[in-house]
Amino acid sequence: MDILLRLRQEFSLTPSQAENTVKLIDDGNTIPFIARYRKEMTGSMDDQTLRAVDERLKYLRSLDKRREEVLSSVRDQEKLTPEFEEAVAAASTLAEIEDLYRPYRPKRRTRGSVAREKGLEPFAELILSQRESVDPIAAAEEYVSADRGVLCAQDALDGACDIIAEDISDDASLRKVLRAFMFRTGVLSSHAGEEEQKKDAKGVYSMYYDFTEPVNRVAGHRVLACDRGEREGILKVTVDTDRAQAVRLITDAEVKGASACSELVRLACADSFDRLIRPSLEREIRSFLTEKAAAAAIKVFAVNLRQLLLQPPVKGQIVLGLDPAYRTGCKTAVVDATGKVLDVAVIYPTPPQSRTEEAKAVIKNLVGKHGVTVISIGNGTASRETEIFVASLLPELGGNVSYMVVSEAGASVYSASKLAAEEFPMFDVSLRSAVSIARRLQDPLAELVKIDPKAIGVGQYQHDMPQKELDEALGGVVEDCVNSVGADLNTASASLLSHVAGINKTVAKNIVAYREENGRFSSRKQLLSVPKLGDKAYQQCAGFLRVSGGSEPLDATAVHPESYAVAKKLLSILGVPYEPGKYGARISDEVRRIGENELAAALGVGVPTLRDIVSELIKPGRDPRDELPKPLLRTDILDMKDLKPGMEIKGTVRNIVDFGAFVDIGVHEDGLLHISQICDRFIRHPSEVLSVGDIVTVRVLSADTVKKRISLTMKDAKTAGGT
């Protein structure tokens, strides 16, 4: 297989794009580095496209490897034919290769193999010839042998039919036809009996007690729900198909004439489908549906995670973080604008203590003492009561303080981790959570990278996903987000640094240790003195690490050290002083006057690299998150009972799933914005319109205070920011 040709066709690449991209990947370059600093070689492919190419490259190579393994195995069996070799070479999927290999694959002991051991294969071939002159019952007598375990003519007939049924099930072309038929006409069904329904006390799977949907149209989240219900012993799931039509497809291909042998072949065809083909293809289809649904869910999870990690930071604010609780009290932590912990406390404004006045006094003292401007409240247990307490307190704080309820998903995981213990050995677990809640409002990316992405809570069925694929996808998202923003070499935590291109966890810890021992980094070049950080790692990471106020002004930009000479020559040509960030308008005017193509040629670089350098000289270390809508900070509160149909409210999109989006409208329970209520036009997925973190204006359709369910609509409501 010509892998480069396949990549070109599938991704619409030029020959040089495909060849260069594969070479860059094979040379050990990271995706962020390739995407940012090798644009001329890849045609400016973005990180997501590059990851898709990388993933496809791995699949095609594994396909070629399996192709060679199959050919080698059949060759060793001395059964390799030019026709088989040609068919395997032409196969474009693993399924096709496995179908072709099926007759040659070592089998466990089956009814067909037992019949072959008894010497009945010649008899099976005789029946399969379907000659009218052959009397199968009479011919069967010749194969009766007590020594071989064939005790009567019926034994011989049954054994021969078992061989025929097995051969039919191994026919690659026939399986391909039947697979397509079952995909086209099959129906995914799930059922639950009375006893099973009793196990489902909360009715989680009630809509699947008697559920059917065509295989080729079933939604991924329903597939995953059926799978989980089956694993929990509540649902029985099957793929139903038109048996008569499926058997007819086999008999049309295998039965010739109307002889006595033909009738036996007809029976073997039905047996082959019922006993061998249907169960096998049903497993294949179920597996395909699950893999497809999981891939889609992972994609949604990755998109949500990217949007969550790239939410705008609340910069320059002193934040008070509150980790709500009942009996044990609300843990409180104040952090300064850099995330440094200034103070901690425990207050008891919630039941059963309800020491509200005492709690107010503590908060007022912390706000006054440290100049707190924003309060960040975790959305877990007792969040509602804590939010009510804070909202009632705000007027007493002079009107200069606002609050926001943030997702505390993963905060408890982080606070109990070894990482948190190393960072805050003096605090107990709950106080660490309060610090995390405060910091994730200040800089979501820097704080959330400390947490396993699966624990952040912006996906669906994440615990049912193939963990290797999920980890790879989410790890790629975190890496892309960290590198798109960049990291301050003198303040970044080891957790953040470990996601910078070319830096692993060991090197990240070594960077922090070097910083603690030797003081601030004054230049990027000092990275080469960090243990285990060699030339290759330096090449990959340097452009993503910022050093402000150092000996080299360009170290504070995303300009790569390999392009410093180019940047300085550019400034010289433009006649601009060497002070990045101070002459933006002048640089822009001069670039337009001279022309990008002329400048690129004079500098010996491509236009994409020139544009990136110019952009960094104009706005050094630009944070892409600054261009996004700011988080919605609140100063008041609603109760669910206050919600009325038609009421218009602003809210924040917290999670996106296949069937809609969940929106925080400030009443503790997130409202569901069903996909049908997002806009007037048809959309296939909510992510076509919405992103996690979007500030949207919604209207209330209904609010069920008993079931705690809120239905929302965006129809006739304006998007207040976001996509």
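In this predicted model, helix α27 passes helix α29 in a right-handed crossing. I open with that pair of helices and follow the chain of contacts from there.

The two segments are residues 564-574 for α27 and residues 596-603 for α29, and they pack at an angle of about 125°, with their axes 10 Å apart. At that angle, α27 and α29 are therefore oblique to each other. On the α27 side, the contact is made by V566, K569, L570, I573 and L574, and on the α29 side by L599, A602 and L603. Sorted by class, this contact of α27 with α29 has 7 nonpolar residues, no polar residues and 1 charged residue.

By class, the contact of α29 with α30 has 5 nonpolar, 1 polar and 2 charged residues.

Helix α15, residues 243-254, and helix α16, residues 260-309, pack at an angle of about 130°, with their axes 9 Å apart. That makes α15 oblique to α16. The crossing of α15 past α16 is right-handed. In this contact, R243, A246, V247, I250, T251 and E254 of α15 meet V265, R266, C269, A270, F273, D274 and I277 of α16. The class count for α15 with α16 is 8 nonpolar, 1 polar and 4 charged residues.

Let me now step back to the whole protein. It has 30 helices and 15 strands. Its C-alpha atoms fill a box of roughly 105 × 70 × 50 Å, taken along the principal axes. Of the 723 residues in the protein, 50% are buried. Among contacts between residues at least 6 apart in sequence, 66% join residues at least 24 apart.

How many of the 11 residues of α18 are buried? The count is 8 in this helix, residues 383-393, so α18 is largely enclosed by the rest of the structure. The buried residues of α18 are S383, R384, T386, E387, F389, V390, A391 and L393. What covers them includes the strands β4 (319-323), β5 (330-335), β6 (341-347), β7 (374-378) and β8 (402-406), together with helix α17 (356-370).

A416 is placed in the loop between α19 (411-415) and α20 (418-423). With a relative accessibility of 56%, A416 counts as exposed. The C-alpha atoms of A416 and R432 are separated by 8.3 Å, and these residues are 16 apart along the chain.

F662, by comparison, is found in strand β12, residues 660-664. Is F662 buried, partly exposed or exposed? F662 has a relative accessible area of 26% and is partly exposed. Beyond residues up to four places away in sequence, F662 touches T652, V653, R654, N655, V657, D670, G671 and L672. For one of these, L672, the separation from F662 is 10 residues in sequence and 4.8 Å in space, C-alpha to C-alpha.

I close with the aromatic residues. A pair of aromatic rings is described by the distance of the centres and the angle of the planes. With a limit of 6.5 Å between ring centres, the count comes to 9 aromatic pairs. One of them is edge-to-face: Y208 and F211, at 5.1 Å centre to centre and with 70° between the planes. Both Y208 and F211 are buried. Another pair, F424 and F427, is stacked, at 5.6 Å centre to centre and with 20° between the planes. F424 and F427 are likewise buried. Finally, F33, Y37 and F544 form one aromatic cluster.

Key:
Residues numbered from 1 in each chain as written. Predicted model: local features only at pLDDT ≥ 70, side-chain atom pairs only at ≥ 80, totals over all residues. Heavy atoms only, no water. Phe/Tyr/Trp six-rings, centres within 6.5 Å; stacked < 30°, edge-to-face > 60°. Buried < 20%, exposed > 50% of the residue type's maximum accessible area, 1.4 Å probe, protein only. Axes fitted to C-alpha atoms, helices over the stretch in contact; angles between N-to-C directions. Helix = DSSP H or I, 4+ residues; strand = E, 2+ residues; numbered from the N terminus. Parallel < 35°, antiparallel > 145°, perpendicular 65-115°, else oblique. Left-handed = near helix turned anticlockwise from the far one by under 90°. Contact = heavy atoms within 4.5 Å. Nonpolar A, V, L, I, M, F, W, Y, C, P; charged D, E, K, R; others polar.
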